[in-house]
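Good morning, and thank you for joining. Please keep the structure in view as I speak.

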Amino acid sequence: MGEAKRRHHRGSPAPRKPASKRSLALGVMTLIVVAMLIGLFFITSGPSPDSDELPVAKKGTPDFPAGFDQFGVSVGAADAPVVVREFADYQCPACARFADASQRLKKEYVESGKVRFVYFELPLSQHANAMPAAQAARCAGDQNAFWPMHDTLYSNQSAWAGVSDPQATFTRYAGDLGLSENRFSRCMATELHREAIEQSAKVATQLRVVSTPTVMVDNIVLTRPGWGQLSAVVERELAASR
């Protein structure tokens, strides 16, 4: 009679796996989870302002030509000690991700007068709806709603990026923001701000900016545009300005 049959005949329970093996497996799983959490912390947390890993301006890099700021859209105190500039394309997915950081920048630094933020449109040729989106933001700006439209376009990028004619969608956004849809539609139909947007893109060309988003803190180009590096460089430059 086999062992299994003898146990069944005698009513004996099946042997249990040693508790030590179960404990070992649980311990290994716990270590893996802890390692993942630690890794996630280091990935998502930004560097400290005194970190050697932060970008710096190369030796001999000139100051950003302040006169170019007139071709972008600015928010913040004119005499803010630090200026952050972004060259972006509304249809660029990476720019949409950076939009969260720019919103936080405005709330934590621009509103307090520490930073001025300048947004330059750089519609890329491969993005058919980037120019109409840039015009939508400028047309909303005529009704004092540039930044609300800017944020709306980025947060809803997937809804309009692939459509053949996004104007109806943009007009709906204008209505949702409480703007005059008729005035907005006239602005879009006449391409009232195309020349201003093209001038903004020419600034990028003069500075040899070819990718989006390109983000500068004064004359320092971020290597990893995002809140972690952005806030750390801003804090470092604020400390240097005191």
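This is a predicted model: local features need pLDDT of at least 70, side-chain atom pairs count only at pLDDT 80 or more; totals for chains, interfaces and linings use all residues.

**Charged pairs and nonpolar cores**

Let me begin with E198, which forms a salt bridge with R194, the closest N and O atoms being 3.4 Å apart. By salt bridge I mean a side-chain nitrogen of Lys or Arg within 4 Å of a carboxyl oxygen of Asp or Glu. E198 and R194 are separated by about one helical turn, because they stand 4 residues apart in helix α9 (residues 194–206). Helices here are DSSP runs of H or I with at least four residues, numbered from the N terminus.

Residues are numbered from 1 along each chain as its sequence is written, and side-chain values use heavy atoms, with hydrogens and water left out.

R194 also meets the side chain of E191 in a salt bridge, at 3.0 Å from N to O. How exposed is E191? E191 is partly exposed, with a relative accessible area of 36%; for E198 the value is 35%, and for R194 it is 29%. Partly exposed lies between buried, under 20% relative accessible area, and exposed, over 50%, using a 1.4 Å probe and protein chains only.

The whole structure holds 8 salt bridges. One of them joins D151 to K106, with the closest N and O atoms 3.7 Å apart. This pair links distant parts of the chain, D151 being in helix α5 (residues 146–155) and K106 in helix α3, 45 residues apart. Both D151 and K106 are buried. Elsewhere, D69, R85 and R116 are linked in a network of salt bridges.

I turn now to the nonpolar cores, meaning sets of buried Ala, Val, Leu, Ile, Met, Phe, Trp, Tyr and Cys residues joined through side-chain atoms within 4.5 Å. The largest has 50 residues, and those touching the most other members are V84, Y90, L105, L153, F170, L230 and V234. Helix α3 (residues 93–110) supplies the largest share of this core, 8 residues. Apart from it lies another core of 13 residues, including F87, A204, V209 and M216.

Methods: Helices (H or I, at least four residues) and strands (E, at least two) are DSSP runs, numbered from the N terminus.
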